[in-house]
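Please review the following briefing alongside the sequence and coordinates shown below.

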Amino acid sequence: MKTIGIGFHFEDLPVGFRFRSAGRTLAEADLGSFVNLTWLTEEVFTNHAAREGMSLPAKVVPGVLVMSFAEGLLTPAIQHTGLAFLHADLDVRAPTCVGDTIHVECEVIEARTTSKGDRGLVRSRNRVVNQHGLDVLVYTPLRLLRRRDAA
């Protein structure tokens, strides 16, 4: 019996392959939950009244929340095939605020098999894009993925 919901295997992701995630709107509850869960109580995220001297807009969300949501949006792409998240460079390009809707656009920029041969390394350039078409965050994760032959 075939299982549905299996993500991309190494062989499905040649250099230059591109795909896009579904979108997600960030809610006030997301910001509150994330701040409470991580104890990231910096006033830029928690004090919406006293904005004087703060360079970011009210209800801005942490960049790490944006990356976390991006990874969640990408889960279907690596479900059951992703073995490890090994590394990423991260560049926050613009503020993301409560009420913004984001999606992720991915392009494979590196793909090679490992010495064991039963898995492969894939690096993608992931652009987190808001509802205005603006890149708000770009990161380049290196992932260890199953090969189809080994599945």
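**Structural briefing**

Helix α1 is followed by W39, whose phi is positive, near 60°. Helices (H or I, at least four residues) and strands (E, at least two) are DSSP runs, numbered from the N terminus. This is a predicted model, in which local features need pLDDT of at least 70 and side-chain atom pairs count only at pLDDT 80 or more, while totals for chains, interfaces and linings use all residues. Residues are numbered from 1 along each chain as its sequence is written, and side-chain values use heavy atoms, with hydrogens and water left out.

**Helix α1**
- D30, L31, F34 and V35 of α1 are buried, where buried means under 20% relative accessible area, exposed over 50%, and partly exposed in between (1.4 Å probe, protein chains only).
- Seen down the axis of α1, these buried residues fall within an arc of 125°, so they line one face of the helix; the arc is that of the directions from the helix axis to the C-beta atoms.
- A29, N36 and L37 are exposed on the other side of α1.
- The cover over the buried residues of α1 includes β2 (24-25), α2 and α3.

**Nonpolar cores**
- The largest nonpolar core has 24 residues, of which V66, I102, V104, V128, L137 and Y139 touch the most other members.
- At least two residues of this core come from each of α1 (28-38), α2 (43-46), α3 (63-78), β5 (101-113) and β7 (135-139), and α3 gives the most, with seven residues.
- Such a core is a set of buried Ala, Val, Leu, Ile, Met, Phe, Trp, Tyr and Cys residues joined through side-chain atoms within 4.5 Å.
- Leaving aside neighbours within four places in sequence, V128 is in contact (heavy atoms within 4.5 Å) with residues including V66, A70, I102 and L134.

**Polar contacts of R127**
- R127 lies in strand β6 (residues 119-130).
- The side chain of R127 forms a polar contact of 2.6 Å with that of E105 and a polar contact of 2.8 Å with that of D135.
- A polar contact is a pair of N or O atoms within 3.5 Å; within protein, one must be able to donate a hydrogen and the other to accept it, and residues adjacent in sequence count only if both atoms are side-chain atoms.

**Aromatic pairs**
- Three aromatic pairs are counted, with rings of Phe, Tyr and Trp (its six-membered ring) pairing if their centres lie within 6.5 Å; planes under 30 degrees apart count as stacked, over 60 as edge-to-face and the rest as tilted.
- The ring centres of F8 and F19 are 5.1 Å apart and their planes are at 55°, so the pair is tilted.
- Ring pairs link F8, F17 and F19 into a cluster.
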